[in-house]
Amino acid sequence: MTDAATARRSRLTPERAAELYEAVLDLLREVGYDALTMDAVAARTRSSKATLYRQWGGKAELVARAIRHSKPGRISDVDTGSLRGDFLALVHREDDCAMEQNTALMRGLAMATHTNPDLLQAFREQVIEPEMTELRGMLSRAVDRGEVAPDNPALPFVVHMMIGAFATRALIDEQPPTQDFLSSYIDAVILPALGVPTT
């Protein structure tokens with residue numbers, strides 16, 4: 001990227017970007033990804049479409065960055081000294097109401113990735129890959145502390161187990177995931193699979 005392009009893209013203040021991201025998430029909750037337009041984002045945020053395209057390139061990138069920005073902190077910032085403590089700290093970063101809203105939003109976006117390859121790519125780059133890297137770091141610390149055997153066969157599937165807890169709760173139980181449900185799931189499923197005591 002040229003210096004001029006970098007200067008152009010950096011004119012947006014962090015506060016203004018946060019406002020835009022919040023508006024994008026509100027619109028996503030209202031209309032879904034497929035019906036979301038850059039015109040609607042521009043109108044809601046009193047921005048020009050040109051500014052939005054210059055800053056983010058398109059809808060997929062804007063949505064993925066809005067999702068990344070909405071996360072309640074980085075996984076890598078959580079280090080309680082134990083894997084169980086780390087997992088429980090992650091679960092308690094959001095209250096049940098926020099978790100319900102965000103789970104519904106993520107479910108809708110997951111469906112949209114099936115027919116929008118640009119969204120899938122942006123989502124992988126902005127959300128999935130960074131969070132998987134951070135989660136691997138958390139698991140690596142647990143291995144280094146001797147909590148988890150380095151050759152434990154469940155290690156590569158921790159992300160799948162976590163996502164499964166979120167994705168299937170509404171499908172099977174017709175209820176959103178909650179802090180209590182996820183804490184119980186961690187103790188009953190994830191930690192035993194990793195050979196980590198739950199007490």
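This is a predicted model: local features need pLDDT of at least 70, side-chain atom pairs count only at pLDDT 80 or more; totals for chains, interfaces and linings use all residues.
Mentor: Residues are numbered from 1 along each chain as its sequence is written, and side-chain values use heavy atoms, with hydrogens and water left out.

Trainee: Why are helix 7 and helix 8 called oblique to each other?

Mentor: The axes of helix 7 (residues 96-113) and helix 8 (residues 117-144) cross at roughly 125° and come within 7 Å. Those axes are lines fitted to C-alpha atoms over the stretch in contact, with angles running from 0 to 180 degrees between N-to-C directions. Helices here are DSSP runs (H or I, at least four residues), numbered from the N terminus. Under 35 degrees is roughly parallel, over 145 roughly antiparallel, 65 to 115 roughly perpendicular, and the rest oblique. So the pair is oblique.

Trainee: Which residues make that contact?

Mentor: With contact meaning heavy atoms within 4.5 Å, helix 7 brings Met106, Leu109, Ala112 and Thr113, while helix 8 brings Pro117, Leu119, Leu120 and Phe123. They split into 7 nonpolar, 1 polar and no charged. The classes go like this: Ala, Val, Leu, Ile, Met, Phe, Trp, Tyr, Cys and Pro are nonpolar, Asp, Glu, Lys and Arg are charged, and the others, Gly among them, are polar.

Trainee: What makes Glu131 and Arg68 a salt bridge?

Mentor: You need a side-chain nitrogen of Lys or Arg within 4 Å of a carboxyl oxygen of Asp or Glu. For Glu131 and Arg68, the closest N and O atoms are 3.6 Å apart, so the pair qualifies. Glu131 sits in helix 8 and Arg68 in helix 5 (residues 59-70), so the bridge ties together parts 63 residues apart in sequence.

Trainee: How many salt bridges does the structure hold?

Mentor: There are 15. One of them joins Glu19 and Arg16, at 3.1 Å between the closest N and O atoms. Both lie in helix 2 (residues 14-31), 3 residues apart, about one turn of the helix.

Note on methods
Helices (H or I, at least four residues) and strands (E, at least two) are DSSP runs, numbered from the N terminus.
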